[in-house]
Protein chains: 2
Amino acid sequence: MPPGILETSRRSAIGAHPFVTHTPLGPGREFDAIRRFWSTLGDRAAGGGDDCAFIELDGTTLAVSCDLSIEGTHFRLGWLKAHEIGWRACAASLSDLAAVAATPVGILAAVGLPREMPASLAVDLMDGVAEAAHAAGCGVVGGDLVRSDAITIDVVSLGRGDHLVRRVGAQPGDTLWITGALGGPAAALAAWEEGQEPEETARARFARPEPRIAAAQWLAARGARAMIDVSDGLLADAAHLAAASGVRCAVERERVPVHPAATADQAIVGGEEYELLVALPASVTGDVGTRFAEAHGFPLTRVGAVDAGDGVVLREHGAAVAPPVGFGHFD
Amino acid sequence: MPPGILETSRRSAIGAHPFVTHTPLGPGREFDAIRRFWSTLGDRAAGGGDDCAFIELDGTTLAVSCDLSIEGTHFRLGWLKAHEIGWRACAASLSDLAAVAATPVGILAAVGLPREMPASLAVDLMDGVAEAAHAAGCGVVGGDLVRSDAITIDVVSLGRGDHLVRRVGAQPGDTLWITGALGGPAAALAAWEEGQEPEETARARFARPEPRIAAAQWLAARGARAMIDVSDGLLADAAHLAAASGVRCAVERERVPVHPAATADQAIVGGEEYELLVALPASVTGDVGTRFAEAHGFPLTRVGAVDAGDGVVLREHGAAVAPPVGFGHFD
């Protein structure tokens, strides 16, 4: 991810590894105490640093995530239309349900709006929230609406976890796959930061991300071992998955699908992708990508492998290479 | 509620009557379009304007509420300690579960903190959130942590609704009861607005409200017909209950229990109380107040009756009187 005001901040479950391998409040050590605090909570409460919290209710597993988007931190008004701000906030939250292959059952939207915001824009924003929910097969079941100086949206996503896939579960010998093509959001951000209008399809990747709900369930049904959505960047999220599963993730640079408007580095370290990184058992044959693309209309690409060890290694034509600048931000 | 920066903004369920009888974004008509929008959503989604949204999961009813607190809108830094900001945000959200007599199963906290906030204060704030959750018998199961200019806390409360009490259900002939004594938060706000330090117990009513979880379940077990938590003010919330139930609520001014540091007017129109207003059937005998106080250590007082009709009438020694200034704000 290019330097800028965007912060990766999408840890909705507070578990064994929250806020450790990235810096939602970073950089620097000033918030180490907070990270420790959440870690302590997590040990008493939620699971292993997954994208959702899980609550057992009479044999049904409820997956819950909340995702807070604030103007100036996560987006700028000049970049996005009001409808896109709402859609994006909701899609980012729903992507946490996709990451665990949960089925959305409803969202709540807590919204803070500035007094001077025209009512038509406020309606557009909320319409964007509702459209993203409906596109994912659920409705807006509740919310809160208050005054604020900065546009503030916390979207709470609730899902059924009938066949959950978590970050824990990847095993040496598994293959690593990614949905879609990466780098579009980072390319859009880079353009905005330079005062330019992004290329249209790259802009759409940032402004109107698609939570991969159906794709996640398709992958879960085919034996997905571990999964995460790419919010912090491919390498950073591979590191989260590796840490949770107690394995090493090897990413093969030349295999990473790059959005046409992006650079290879943007694809490898750019965040806010909301694509799925998934570990599949070796028994899933190579044509799974073809079958996935036929079913969903976008690619599933093998980008690496799961090995014994820990951490993430980036390889190019078989040889380990240094990660691009930007990855260190998430160390 | 005295005029000031505090806005009543606690509608977590978007239903048939959202944002109609109060003005979370008011005053004025500028946000009528938003209210209509939420109303439209609500018709497709949630129930009848209750404090929580309800989701049916395999025979279990999940009650969910979110409550967004923002510095400058809901509190000022000079008024509250960081721990109190966290406690209050969490307690306000849990109070929505109390309002429907749900049992808390977990909360999520989405928190935005300013870069310049000392880490120790941030930890205090989050500790306040966690303490309020634990006091209500549940844990912090997830959250989100981002940068923001203003301290921002959205607390999502999840509860089981095994014996739900809603705003709908009050019948003519029922009696109206209130837990606790009212006016403390309004007295504290009035003092702060005048640049004074509030009386200690009034301050505590604002800074450390107690969600009436156990009291709500006690009342539900004794046949409570309809219930609401007093967040907008006694008269305003009586109006919500009346509208939802299709009845008239008559409040007898001389019966309203007034906090020792508050005026009668503050008790009648002050918000942020988080006490319960409940309609009990006439078959529940007059000693229910005594039994309640023995069980919970604070009073349950009969403040009026449910009649045929609509709206709210304030009576003094049997005669209708005009509501105090401040009630019109919620019309």
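## Two partners for β5 in chain A

Strand β2 (residues 60-70) of chain A runs antiparallel to β5(A), the two being joined over nine bridges; strands are DSSP runs of E at least two residues long, helices are runs of H or I of at least four, and both are numbered from the N terminus. Two strands count as paired if DSSP finds at least two bridges between them. Within this pairing, A:Cys66 is bridged to A:Val156 of β5(A).

Strand β3 (residues 103-113) of chain A is likewise antiparallel to β5(A), again with nine bridges. Here A:Ala109 has A:Val155 as its bridge partner in β5(A), and A:Gly106 sits opposite A:Leu158 of that strand. As for β5 (residues 152-160) of chain A itself, eight of its nine residues are buried, so it is mostly covered (buried is 20 or more other C-beta atoms within 10 Å of the residue's own, exposed is 12 or fewer, partly exposed is in between, and C-beta atoms are placed from the backbone).

## What the model is

This is a predicted model, in which local features need pLDDT of at least 70 and side-chain atom pairs count only at pLDDT 80 or more, while totals for chains, interfaces and linings use all residues. Residues are numbered from 1 along each chain as its sequence is written, and chains are lettered from A and ligands numbered from 1 in the order in which they are written.

## The sheet around β5

Zooming out, the sheet in chain A is open and has five strands in the order β1-β2-β5-β3-β4, with mixed pairing. The edges belong to β1 (53-57) and β4 (140-147) of chain A; each has a single partner strand, so one side of each has no neighbour in the sheet. From one strand to the next, the twist averages 20 degrees.

Helix α3 (residues 119-135) of chain A lies across β3, β4 and β5 of chain A, at about 165 degrees to β3(A). Axes here are lines fitted to C-alpha atoms, for helices over the stretch in contact, and angles run from 0 to 180 degrees between N-to-C directions.

## Chain A as a whole

Chain A has nine helices and 12 strands, and 61% of its 331 residues are buried. Of the contacts in chain A between residues at least 6 apart in sequence, 82% link residues at least 24 apart; a contact means C-beta atoms, placed from the backbone, within 7 Å.

## A helix pair in chain B

Over in chain B, helix α2 (residues 82-99) packs against helix α3 (residues 119-135) at about 30 degrees, with the axes 6 Å apart. That makes α2(B) and α3(B) roughly parallel (under 35 degrees; over 145 is roughly antiparallel, 65 to 115 roughly perpendicular and the rest oblique). Residues making the contact include B:Trp87 and B:Leu94 of α2(B) and B:Leu121 and B:Met126 of α3(B).

## Two residues with positive phi

Which residue in the loop between α8 (264-269) and β9 (276-280) of chain A is worth a look? A:Glu272 lies there, and has a positive phi of about 60 degrees despite not being a glycine. A:Glu272 is buried, with 25 other C-beta atoms within 10 Å.

In chain B, B:His317 is not a glycine either, yet has a positive phi of about 50 degrees. B:His317 belongs to the loop between β11 (311-316) and β12 (319-321) of chain B. Is B:His317 buried or exposed? B:His317 counts as exposed, with 8 C-beta neighbours inside 10 Å.

Key: Contact = placed C-beta atoms within 7 Å.
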